[in-house]
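I set out to look up how this protein is put together. My notes are kept in the order in which I consulted the model.

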Amino acid sequence: MEYKIGGRILSKKNHACGGNLWEIVRVGADIKVKCCRCGRALFLSVDEVKKMTKTYTLGEEINDKSN
Ligand SMILES: [Zn+2]
């Protein structure tokens, strides 16, 4: 599975704020994900992101008409 900027992750466990939808904002040696509910960002390794991911999409279904 390849993670890309703009992709969305539904996590298995909720964030502390109760949200479970994340947006990928940076991809490099680590992946930066932002919680879509509280806006807090985390740096995670690819393995950590894989472990927390329940569903990953590139966001087409979610962002359909927001532009
Ligand atoms: Zn949050």
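The entries below go from the model itself to its strands, its core and some single residues.

**Entry 1. Conventions and confidence**

I note that this is a predicted model, in which local features need pLDDT of at least 70, side-chain atom pairs count only at pLDDT 80 or more, and totals for chains, interfaces and linings use all residues. Residues are numbered from 1 along each chain as its sequence is written.

I looked up the pLDDT, which is the predictor's confidence in each residue, from 0 to 100. The mean for the protein is 89, and 85% of its residues reach 70 or more. Among the elements, β3 has the highest mean pLDDT (98) and β5 the lowest (95). Over residues 63-67 the value is below 50, and beyond near neighbours in sequence this stretch has zero contacts in the model. I count two residues as in contact if their C-beta atoms, placed from the backbone, lie within 7 Å. Where pLDDT is low, the predicted coordinates should not be read in detail.

**Entry 2. Elements**

Helices (H or I, at least four residues) and strands (E, at least two) are DSSP runs, numbered from the N terminus. Along the sequence the pattern reads β-β-β-β-α-β.

**Entry 3. The sheet**

In which order do the five strands lie in the sheet? I read the order as β4-β3-β2-β1-β5, in an open sheet with antiparallel pairing. The edge strands, each pairing on one side only, are β4 (41-44) and β5 (53-57). Neighbouring strands of this sheet are turned by 30 degrees against each other on average, direction ignored. For such angles, axes are lines fitted to C-alpha atoms, for helices over the stretch in contact, and angles run from 0 to 180 degrees between N-to-C directions. Two strands are taken to pair if DSSP finds at least two bridges between them.

I then went through the pairs of strands.

- β1 and β2 are antiparallel and share three bridges; Arg8 stands opposite Glu23 in β2.
- β2 and β3 are antiparallel and share five bridges. Trp22 stands opposite Cys35 in β3, and Arg26 has Lys32 in β3 as its bridge partner. A hairpin of three residues joins these two strands.
- β3 and β4 run antiparallel and are joined by four bridges; the bridge partner of Lys34 in β4 is Ala41. Their hairpin has five residues between the strands, and Gly39 in this hairpin takes a positive phi near 85 degrees.

**Entry 4. Burial and the core**

I checked burial next: 12% of the 67 residues count as buried. A residue is buried if 20 or more other C-beta atoms lie within 10 Å of its own, exposed if 12 or fewer, and partly exposed in between, with C-beta atoms placed from the backbone.

Which residues make up the largest nonpolar core? I found seven: Ile9, Trp22, Ile24, Ile31, Val33, Cys35 and Val49. The elements that give two or more residues to this core are β2 (21-27) and β3 (31-35), and β3 supplies the largest share, three residues. Such a core is a set of buried Ala, Val, Leu, Ile, Met, Phe, Trp, Tyr and Cys residues joined through C-beta atoms within 7 Å.

I followed Ile31, one of the core residues. Leaving out residues up to four places away in sequence, Ile31 touches Tyr3, Ile24, Arg26, Leu44, Val46 and Val49. For the protein, 31% of the contacts between residues at least 6 apart in sequence join residues at least 24 apart.

**Entry 5. Single residues**

Is Lys12 buried or exposed? I located Lys12 in the loop between β1 (8-11) and β2; Lys12 is exposed because 11 other C-beta atoms lie within 10 Å. Beyond residues up to four places away in sequence, Lys12 touches Met52 and Lys54. Lys12 and Thr53 are 41 residues apart in sequence, yet 6.1 Å apart in space, C-alpha to C-alpha.

Ala16 lies in the loop between β1 and β2 and is exposed, since 8 other C-beta atoms lie within 10 Å. The C-alpha atoms of Ala16 and Cys38, 22 residues apart along the chain, are separated by 9.3 Å.

Lys50 I found in helix α1 (residues 46-52). Lys50 is partly exposed, with 14 other C-beta atoms within 10 Å. From C-alpha to C-alpha, Lys50 and Tyr3 are 9.4 Å apart in space and 47 residues apart in sequence.
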